[in-house]
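Reader: I have a chain open here and would like to go through it. Can you take my questions one at a time?

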Amino acid sequence: MTPIRVDDARVEPVTLAEMRGVLRLDPDDGGAEDPLVERLIAAARAQVEVATRRILAPGRYRVMLTAWPGDGWLPLPLSPLVAVARTGLVDPGGTVTDLAAGLVRPGADGIEAPGLVIDPAVPALDRRAALIEVDAGYGGAGPPLPPALAQAIRLLVAHAFEHRGDGAGDDVPPPAPAALVAPLRRLRL
């Protein structure tokens with residue numbers, strides 16, 4: 001089971017305007033550096049997401065199951081898990097029949113132990129698949145992004161912007177972002 005992001009819009013946790021201020025870019029430059037800075041923000045966000053095992057930009061994710069978990073608990077690698085947006089059964093022809101609300105619901109801790117509680121009254125799959133869509137990530141309807149993670153993104157963007165292939169060792173990030181991220185890293189058991 002691999003969650004798949006199903007929405008295209010991604011709101012970065014650090015804005016272009018904010019990074020232009022941090023980088024002290026000339027407001028009269030006509031936005032010449034904006035495409036580069038936007039790519040650096042996305043890359044830094046992705047780097048912090050991998051390091052923390054958390055989703056820093058809100059989004060909707062789809063999970064497909066061919067069997068319900070036997071113990072009624074479905075752990076998800078989506079932290080923070082915000083809400084269940086849709087659940088349904090998909091028949092062999094591809095028709096989706098929505099399930100009643102509450103049969104699949106978020107667990108008690110959507111940040112450190114994200115997962116779904118599957119009610120025993122959920123219908124058997126019998127040659128069908130379960131479609132589950134959840135909302136996950138900081139920002140939007142989720143919890144606010146921890147300031148340390150936003151600062152790690154800003155530091156990574158600033159480092160990458162200042163060291164754009166100018167010399168040896170430019171691909172080595174500074175230690176400060178790693179120190180900011182370390183306390184918020186989700187452990188894998």
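Reader: Where is Pro80 found?
Author: Pro80 lies in the loop between strand 3 (73–75) and strand 4 (81–90). Helices here are DSSP runs of H or I with at least four residues, strands are runs of E with at least two, and both are numbered from the N terminus.

Reader: What kind of peptide bond joins Ser79 and Pro80?
Author: A cis one, with omega at about -5 degrees.

Reader: What sort of model is this, and how are residues numbered?
Author: It is a predicted model, where local features need pLDDT of at least 70, side-chain atom pairs count only at pLDDT 80 or more, and totals for chains, interfaces and linings use all residues. Residues are numbered from 1 along each chain as its sequence is written, and side-chain values use heavy atoms, with hydrogens and water left out.

Reader: How many helices and strands does the chain have?
Author: Four helices and eight strands. Along the sequence they follow the pattern β-α-α-β-β-β-β-β-β-β-α-α.

Reader: At what angle do helix 1 and helix 3 pack?
Author: Helix 1 (residues 16–23) and helix 3 (residues 147–162) pack at about 60 degrees, with their axes 10 Å apart. Axes are lines fitted to C-alpha atoms, for helices over the stretch in contact, and angles run from 0 to 180 degrees between N-to-C directions. Helix 1 and helix 3 are therefore oblique to each other; under 35 degrees counts as roughly parallel, over 145 as roughly antiparallel, 65 to 115 as roughly perpendicular, and the rest as oblique.

Reader: Which residues make the contact?
Author: Helix 1 brings Glu18, Met19, Val22 and Leu23, and helix 3 brings Arg154, Val157, Ala158 and Phe161. Contact means heavy atoms within 4.5 Å.

Reader: Switching to backbone angles, what is phi of Arg24?
Author: Positive, about 55 degrees, although Arg24 is not a glycine. Arg24 sits in the loop between helix 1 and helix 2 (34–52).

Reader: Is Arg24 buried or exposed?
Author: Exposed, with a relative accessible area of 76%. Buried means under 20% relative accessible area, exposed over 50%, and partly exposed in between, using a 1.4 Å probe and protein chains only.

Reader: And what about Asp126?
Author: Phi of Asp126 is also positive, near 35 degrees. Asp126 is in the loop between strand 7 (115–118) and strand 8 (129–136), and counts as exposed at 62% relative accessibility.

Reader: Last one: what share of the chain counts as buried?
Author: Of its 189 residues, 39%.
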